[in-house]
Amino acid sequence: MVKATKKTVTPKTAAKPKPASKAGKQATKANPDKKSAQVLQLLRRPHGATINELSIATTWQPHSVRGFLSGTVKKRYGLKLTSEVIDGTRHYRVPA
């Protein structure tokens, strides 16, 4: 009969301290050569842009455009994104 031995337990490494969070959100400027700059340019037009227009301009799928609007434009850049229906089509706009 074999006697069970205790497993050796290796101590867990100490938790790494989290970096200090920034005091406030800083508005990040998009690189003018990137698609994000194209999207912001279209959104700053007086009548804004539709999902279809943004999708064609960036070659992104419509669900990717919507994700960019909510994740990057609203959260990362901290811009106020408004939408309104004009002639049955939803237009998204960022105040200039």
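Accessible areas are computed here with the Shrake-Rupley method and a 1.4 Å probe. On that basis, the protein chain in this predicted model exposes about 8000 Å², and 55% of that area is supplied by carbon and sulfur atoms. Of its 96 residues, 24% count as buried.

What is the chain built from? There are 3 helices and 2 strands in the protein chain. Read from the N terminus, these elements follow the order α-α-α-β-β. Contacts can also be sorted by how far they reach along the sequence: among those between residues at least 6 apart, 42% join residues at least 24 apart.

Now to the helices. Two packed helices are described by the angle between their axes and the distance between the axes.

| Helix pair | Angle between axes | Distance between axes |
|---|---|---|
| α1 (residues 35–43) and α3 (residues 62–76) | about 95 degrees | 12 Å |
| α2 (residues 51–58) and α3 | roughly 100 degrees | within 9 Å |

How do α1 and α3 lie relative to each other? Angles from 65 to 115 degrees count as roughly perpendicular, so α1 and α3 are roughly perpendicular to each other. On the α1 side, the contact is made by S36, V39, L40 and L43, and on the α3 side by F68, L69 and V73. These residues divide into 6 nonpolar and 1 polar, with no charged residue among them.

Finally, let us look inside. The largest nonpolar core has 15 residues, and the members that touch the most others are V39, L43, L54, L69, V73, L81 and Y92. Which elements give two or more residues to this core? They are α1, α2 and α3.

Leaving aside residues up to four places away in sequence, L54 touches V39, L42, L43, A49, V65 and L69.

Methods
Residues numbered from 1 in each chain as written. Predicted model: local features only at pLDDT ≥ 70, side-chain atom pairs only at ≥ 80, totals over all residues. Heavy atoms only, no water. Axes fitted to C-alpha atoms, helices over the stretch in contact; angles between N-to-C directions. Helix = DSSP H or I, 4+ residues; strand = E, 2+ residues; numbered from the N terminus. Parallel < 35°, antiparallel > 145°, perpendicular 65-115°, else oblique. Contact = heavy atoms within 4.5 Å. Nonpolar A, V, L, I, M, F, W, Y, C, P; charged D, E, K, R; others polar. Buried < 20%, exposed > 50% of the residue type's maximum accessible area, 1.4 Å probe, protein only. Core = buried A, V, L, I, M, F, W, Y, C linked by side-chain atoms within 4.5 Å.
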